Amino acid sequence: MLRLPNDGAATGTPLDEYLRARGGAAAIVAALAHALPPLADRLAAGRLHGDPEAIVGTNDSGDKQKALDVAAHDHMLAALAAAGVRKVLSEEAEAVIDLSAEGAFDVAIDPIDGSGSIGIGAPLGMLFSILPAAPEGFLRTGRAIVAAGYASFGHSCDFGFSLGEGVIIATFDRELNGFRIAREGVTLKPETKSIAYNASNERHWPEGLQAWARDLRAGKEGPRGKDFNMRWLAAAVGELHRILLQGGVFLYPADRRKGYENGRLRLVYEAAPIAFLMEQAGGKATDGAVPILDRQPQSLHENTALIFGAAEEVDTIGCYLGAPNPRQG
């Protein structure tokens, strides 16, 4: 590794040490962390050993499954089975997967978020939430979540999570061959000037949301009275990681296009883990009207609109959409 003039020994508590001192879902969080480095290494290898972008199937949403999607699913499933998880809901499987009848926890997971960017060096990641085992399975509101997290595969391999005691972000240390905690108590400022959305879809949005975007672009001369910066990484987990570190707001709203009337992201294993982390960091996550964690899923792979990040801007977007200020539950 290249050493910078001011570099010293790696700092930060080893993640395993931190998690060993905690019970409950911490062991499952640790199992997922241990599963990440081999996946990060395969992403880094690109096409050297084969084509990770090869189409091998289609998932429940109709999205084409790439070889890496399916391999990541199988890899994470093996890690969760070894950790004694009861049931798993994955984006890459239509039905719930039964692992251990005696397991105390269920896990909802998106093994590779942003897989459309496999092979081009853009941010990719993984999202998960952990729920206590219950007869309702995954058809519960996000208020049942006891832990959630994500992986971000970029120039570093980062692992953010919460056990319900705030948000922690760890970074993989190759010398340790494990993660070290890099940030604890991650919090978001309530206001922001940084916004992430796909502007090409704006013409399909509800009129209230289009008005919000027009006012935002008008900058300090417009009704908002300030300039904004625009971001779009095309991967929700990449935006999540950036927003936790730097602040901001992300939105992927419902719109008038066929198949997007109820939003496009998945409620149970994408929006809910993000919402859990947002609320733990002092931010908000809504569908434009109500908090994501208050949504009652009607189906396993249900779609939702998603707006998350700095609390004041999330509320502002809700007002433009004609809803009362979204409240924390």
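**Note on cavities, pockets and domains**

1. The largest cavity holds about 80 Å³ of space. Of its 13 lining residues, Arg-140, Thr-141, Gly-142, Ala-272 and Pro-297 are the closest to its centre. Strand E6 (124-132) and helix H6 (267-280) are the elements that give two or more residues to this lining, and H6 has the largest share, with three residues. On a 1 Å grid over the protein atoms alone, a cavity is a set of points where a 1.4 Å probe fits but cannot get out, whereas a pocket is an open set with protein on both sides within 12 Å along at least five of seven lines; lining residues have an atom within 4 Å of a point. Grid points are joined across faces, edges and corners, and a volume is the space filled by probe spheres set on the points.

2. The model is predicted: local features need pLDDT of at least 70, side-chain atom pairs count only at pLDDT 80 or more, and totals for chains, interfaces and linings use all residues. Residues are numbered from 1 along each chain as its sequence is written, and side-chain values use heavy atoms, with hydrogens and water left out.

3. The lining of the largest cavity comprises eight nonpolar, three polar and two charged residues. Here Ala, Val, Leu, Ile, Met, Phe, Trp, Tyr, Cys and Pro count as nonpolar, Asp, Glu, Lys and Arg as charged, and the others, Gly among them, as polar. Because domain 1 (15-186) and domain 2 (194-321) both contribute to this lining, the largest cavity lies between them. The domain bounds come from an automatic or database domain assignment.

4. Two cavities of 30 Å³ or more are present in the structure.

5. The largest pocket has a volume of about 1,300 Å³. Its lining numbers 47 residues, with Gly-154, His-155, Ser-156, Cys-157 and Asp-158 nearest the centre. Among the elements that each supply at least two lining residues are strands E7 (147-153) and E8 (157-162) and helix H5 (236-246); H2 gives the most, six residues. Helices (H or I, at least four residues) and strands (E, at least two) are DSSP runs, numbered from the N terminus. By class, the lining has 22 nonpolar, 14 polar and 11 charged residues. Both domains give residues to it, so the largest pocket lies between them.

6. The second largest pocket has a volume of about 630 Å³ and is lined by 29 residues, of which Asp-63, Gly-114, Ser-115, Leu-265 and Glu-270 lie nearest its centre. Strands E2 (64-66), E5 (105-113), E13 (249-252) and E14 (265-266) each supply at least two lining residues. The composition is nine nonpolar, nine polar and 11 charged residues.

7. The C-alpha centres of domain 1 and domain 2 are 23 Å apart. Their contact (heavy atoms within 4.5 Å) takes 45 residues from domain 1 and 32 residues from domain 2.

8. Of the 329 residues in the chain, 54% are buried, that is, under 20% relative accessible area with a 1.4 Å probe, protein chains only.

Terms used: Buried means under 20% relative accessible area, exposed over 50%, partly exposed in between (1.4 Å probe, protein chains only).
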